[in-house]
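Here is a short report for a first look. It covers backbone angles and helix packing.

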Amino acid sequence: MKKLLFACTIFVLVSCKTLNSGTTLTPPPPTTPVVVEPSPQETPLRPKNIILMIGDGMGLTQISAGLYSNGMKLALEKFKHIGLHKCYADNDLITDSAAAATSFACGIKTYNGAIGLDAQEKPVKTILEYAEMKGLATGLVATSTIVHATPASFIAHQKVRSMYEEIAADFLNTEVDLFIGGGKKYFDRRVDKRNLLKELEEKGYQVASFLDEDLKEIQPNGKNFAYLTADSDPLPVAQGRDYLPHASKLSIDFLKDRSKEGFFLMIEGSQIDWGGHANDANYIITEMIDFDNSIAEVLKFAEEDGETLVIVTADHETGGFAIQKGSKPDSLVTAFTSDYHTADLIPVFAYGPGAEAFMGIYENTAIFDKMFAAFGWK
Ligand code: MG
Ligand code: ZN
C-alpha cells in the first residue's frame, strides 16, 4: 500500500510537470522589453562594401602550417566570426575550383568545370554582375591567370573551365572596374586574332602589363583598370612573385571612392592549391603567408572604414595535407593523402558589419546568399 501511494505521488508529480510545466517549474522572471536607441556611432548592420578573399585549396591544415611557420601568428586570428561550409559539387563530393567558385558567385551547386553556369549549363548571374547592375564598383585580383576557374566564375559563363580565350572575351561583356592577374596571352595572342587588350582600351580601360611597368610603379589614372601580371601563370612567391598584398591595397584604394553605392572585390590566393597538388609543404606555406599578408592589408582598411564586410574562405582543401608527430614550429613533418582536392568542411572567417551571419555550418552556396542579403538586395 505504501509502495502504491509512493508510486501515485510520483505519477501526480510527473503529470503536473508534463501537463502544466509552466506552473510546476519555476517560470523565468517576466522581462520588460528593452528598447535600444540606435546610436550613430554603432557599427551599421549592413556593409557598403564586401571583400571576398578565397585561398584556393586552403583547408585548416594549410592555415595551421602557415601559422606555425609565421611565428605562431596570422592576421586571420583577428576574425571573431567563424563558420564552416560544405564544399561538395552538384555531381561530385570532391569539388573543383570552378564548381566551388560558381557556388560562391551564383548561389547554386553545379558540375565540376562549370564557369558561372548551373547544372543544366544555363548561365546564372554572378554577385559581381549584380553589383555592377546595382551601381557598385567591382574588382577581381588573383595570383593565377585572371581567366582561371576561381576569378572566371565571378565574371564569365562557359561550359568548361579550360576555355580560357572564351572566358577572357567575357570580360568585355562586363563593366568590371578593375582586374589584376596573369594570362595576358589569352587576351592578346588568340586563335580568333582579336586583341582584347586593345578592345579594353577602346572601351575606356587603362591597360598595362608586367612588360610595361611593375604594378608597384603604376598609378591608376581614374579609368577602369586592367593589369596583367604574367603572360601565363604568375610565378610562385618562392620564385619572386610579390604583388598580392600590394594589389590588394591598390584595388581597395582604387575602388573605395569609385561609387557611392560601395564596391565588391574578390581577391584570390590562387597558388595555395598548387602547393597541395604538388604535395609541396613549403609551396603551401609560402603562398599561405603571402595570402595572410594580403588579409592584413585588407583588414587594415576594413578596421578604419567600418563599412566593409571581409569574408575569407577557401573553395576546398587540396592534398589531404597533415602535420605529423616530430613537427616543430619551424620544421614541420608533413604528409599528403592525395594530389587532388578533398571533401573536408572548409572554414569561413568574417569581419565587419554583417559578419555574424557567417557563423555556423552551411552550404557553400550560402556564401552567395549571405553576401546578397548583407548588401540588402532582394
Ligand atoms: Mg583558383
Ligand atoms: Zn586544385
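## Terms and model

A residue counts as buried if 20 or more other C-beta atoms lie within 10 Å of its own, exposed if 12 or fewer, and partly exposed in between, with C-beta atoms placed from the backbone. This is a predicted model: local features need pLDDT of at least 70, side-chain atom pairs count only at pLDDT 80 or more, and totals for chains, interfaces and linings use all residues. Residues are numbered from 1 along each chain as its sequence is written.

## Two positive phi angles

Most residues other than glycine have a negative phi. Met72 has a positive phi of about 65°. Met72 sits in the loop between helix 3 (60-68) and strand 2 (81-86); helices (H or I, at least four residues) and strands (E, at least two) are DSSP runs, numbered from the N terminus. Met72 is exposed, with 9 other C-beta atoms within 10 Å.

Asn279 also is not a glycine, and its phi is positive, about 50°. The loop between helix 11 (272-277) and helix 12 holds Asn279. Asn279 is partly exposed, with 18 other C-beta atoms within 10 Å.

## Helix 10 against helix 12

Helix 10 (residues 244-255) and helix 12 (residues 281-305) pack at about 25°, their axes 8 Å apart. Helix 10 is therefore roughly parallel to helix 12 (angles under 35 degrees count as such). Axes are lines fitted to C-alpha atoms, for helices over the stretch in contact, and angles run from 0 to 180 degrees between N-to-C directions.

Leu244, Pro245, Ser248, Lys249 and Ile252 of helix 10 meet residues of helix 12, among them Phe291, Val298 and Phe301. Contact means C-beta atoms, placed from the backbone, within 7 Å.

Methods. Chains lettered and ligands numbered in written order. Parallel < 35°, antiparallel > 145°, perpendicular 65-115°, else oblique. Contact = placed C-beta atoms within 7 Å.
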